[in-house]
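User: I have a model open and want to learn how to read it. Can you take me through the main features, one at a time?

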Amino acid sequence: DCDGLTFQHLVLICVHSHARFIDEASVDHIRSMYSCPDGKTATIPTTIVSLPCCPTFRHVRDIGVPPHIKYDDDCVFSACRSVEIWNFDGDEIKSGTLKTGLCVPIQFPSE
């Protein structure tokens, strides 16, 4: 229940997180909780930002596709400074599979 609130974009930030996107915590399920008013379809545009810390743990295993954007951020004061970003707009998540052709491009500010 969204209590009358409307959400325009969902951003999931996973900094050195070992959280799994499975079962009740699947990306599809999380998106459906913010896709009001019916809450049954994953239609809300979603961005997932991951800064993984361990070489053996990657969110891509649960998300099902490689990140749309990946880069090393020199402003992260850690040896683990790789940033992985997924962008999804609409109903891309179907039974654990994402359609990568429906990505939302990110515009980074120019210097």
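Analyst: Keep in mind that this is a predicted model. Start with burial. Buried residues account for 35% of the 111 residues in the chain. The accessible surface of the chain is about 7,000 Å², and 56% of that belongs to carbon and sulfur atoms.

User: Which pattern does the chain follow along the sequence?

Analyst: The chain has two helices and six strands. Their order is β-α-β-α-β-β-β-β. Now look at contacts. Take those between residues at least 6 apart in sequence: 59% of them join residues at least 24 apart.

User: In what order do the strands of the sheet lie?

Analyst: The order in the sheet is β1-β2-β4-β3. Four strands form this open sheet, and the pairing is mixed. The edges are β1 (10–15) and β3 (69–72). Each has a single partner strand, so one side of each lacks a neighbour in the sheet. On average, neighbouring strands here are turned by 15° against each other, direction ignored.

User: How many bridges join β3 to β4?

Analyst: Four, and the two strands run antiparallel. β4 covers residues 82–88.

User: Which residues make up the largest nonpolar core?

Analyst: First the general idea. In soluble globular proteins, nonpolar side chains tend to be buried together. In this chain, the largest nonpolar core has twelve residues: L10, L12, C14, F21, V27, I30, I44, I48, I63, V65, W86 and F88. β1, α1 (27–33) and β4 are the elements that each give two or more. β1 provides the largest share, three residues. Another core, of five residues, lies apart from it; V49, L51, V76 and V83 are among them.

User: Which residues is L12 in contact with, leaving aside neighbours within four places in sequence?

Analyst: F21, I30, T47, I48 and V49. Find F21, I30 and I48 again in the list for the largest core.

Methods: Residues numbered from 1 in each chain as written. Predicted model: local features only at pLDDT ≥ 70, side-chain atom pairs only at ≥ 80, totals over all residues. Heavy atoms only, no water. Pairing = 2+ DSSP bridges. Axes fitted to C-alpha atoms, helices over the stretch in contact; angles between N-to-C directions. Core = buried A, V, L, I, M, F, W, Y, C linked by side-chain atoms within 4.5 Å. Buried < 20%, exposed > 50% of the residue type's maximum accessible area, 1.4 Å probe, protein only. Contact = heavy atoms within 4.5 Å. Areas by Shrake-Rupley, 256 points an atom, 1.4 Å probe, with all protein chains shown as cover.
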